[in-house]
Amino acid sequence: MVEWTGKFAYQQVADDLRRRIANGEFAETGQLPSYGDLQKAYEITVTVARTAINQLKTDRLVVSHQGKGVFLTPDAGRTAAQLADPVEAVTELRKEVEQLRSEVGELRQRVATLEGN
């Protein structure tokens, strides 16, 4: 699977795993494949697999438990989707900010009304 794209092999694997997490592929079990399974699937070394998983840990998408495996964090799907499509993430954040501005405006009006009484 790892191809000559100008990116390091671990980055290619991490990118593909991020995409799969965003698509909900691991949501049912909440667990990523083992290092051995990643090695076979991507035809990579264990070092590349570990480095790719470490990248996902840095992104706060997964946590690992020695002897048990690598598991998704509770918000991994949403975070992975945002990392995969930063433009959509910014659009979503803008909508949330606009909603918050509206709510703050309503609260200010309520406070002004209460202080006026």
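Is aspartate 15 buried, partly exposed or exposed? Aspartate 15 is partly exposed, with a relative accessible area of 29%. Here buried means under 20% relative accessible area, exposed means over 50%, and partly exposed lies in between (1.4 Å probe, protein chains only). The model is a predicted one: local features need pLDDT of at least 70, side-chain atom pairs count only at pLDDT 80 or more, and totals for chains, interfaces and linings use all residues. Residues are numbered from 1 along each chain as its sequence is written, and side-chain values use heavy atoms, with hydrogens and water left out.

The chain contains five helices and two strands. Their order along the sequence is α-α-α-β-β-α-α. Both kinds of element are DSSP runs numbered from the N terminus (helices: H or I, at least four residues; strands: E, at least two). The radius of gyration is 20 Å, whereas a compact globule of 117 residues would have one near 13 Å. That radius is taken over C-alpha atoms, and the globule rule is 2.2 Å times the number of residues to the power 0.38. The C-alpha trace spans about 70 × 35 × 20 Å along its principal axes. Of the 117 residues, 24% are buried. The chain exposes about 8400 Å², and carbon and sulfur atoms supply 52% of this area. Accessible areas come from the Shrake-Rupley method with a 1.4 Å probe; for residues, only the protein chains shown count as cover. Contacts were also sorted by sequence separation. Among those between residues at least 6 apart in sequence, 49% join residues at least 24 apart. A contact means heavy atoms within 4.5 Å.

The largest nonpolar core has 19 residues, of which Leu17, Ile21, Leu32, Ile53, Leu56 and Val62 touch the most other members. The elements giving two or more residues to this core are α1 (9-22), α2 (35-42), α3 (46-58) and α4. Helix α3 gives the most, with five residues. A nonpolar core is a set of buried Ala, Val, Leu, Ile, Met, Phe, Trp, Tyr and Cys residues joined through side-chain atoms within 4.5 Å.

Leucine 17 sits in helix α1. It counts as buried, at 0% relative accessibility. Neighbours within four places in sequence aside, leucine 17 contacts Phe26, Leu32, Leu38, Tyr42, Ile53 and Leu56. Leucine 17 and leucine 72 are 55 residues apart in sequence, and their C-alpha atoms are 11 Å apart in space. Valine 62 is the second example. With neighbours within four places in sequence again left aside, valine 62 is in contact with Ile21, Leu32, Ile53, Leu56, Lys57, Val70, Phe71, Leu72 and Thr73.

Seven salt bridges are present in the structure. A salt bridge is a side-chain nitrogen of Lys or Arg within 4 Å of a carboxyl oxygen of Asp or Glu. Aspartate 15 pairs with lysine 7 at 2.5 Å, N to O. Lysine 7 is partly exposed, with a relative accessible area of 44%. A network of salt bridges links Lys7, Asp15, Arg18 and Asp59.

Arginine 20 also lies in helix α1. Its side chain meets that of glutamate 25 in a salt bridge (2.6 Å, N to O). Arginine 20 counts as buried, at 14% relative accessibility. Glutamate 25 is partly exposed, with a relative accessible area of 44%. Leaving aside neighbours within four places in sequence, arginine 20 is in contact with Glu25, Phe26 and Tyr42.

A further salt bridge joins glutamate 96 and arginine 78, with the closest N and O atoms 3.0 Å apart. Glutamate 96 lies in helix α5 (residues 86-116) and arginine 78 in helix α4 (residues 76-84), so the pair ties together parts that are 18 residues apart in sequence. Glutamate 96 is partly exposed, with a relative accessible area of 35%. Arginine 78 is partly exposed, with a relative accessible area of 40%.

The structure holds one aromatic pair. Phenylalanine 8 and tyrosine 10 are stacked, at 5.9 Å centre to centre and 15° between the planes. Rings of Phe, Tyr and Trp (its six-membered ring) pair if their centres lie within 6.5 Å; planes under 30 degrees apart count as stacked, over 60 as edge-to-face and the rest as tilted. Phenylalanine 8 counts as exposed, at 56% relative accessibility. Tyrosine 10 is partly exposed, with a relative accessible area of 22%.
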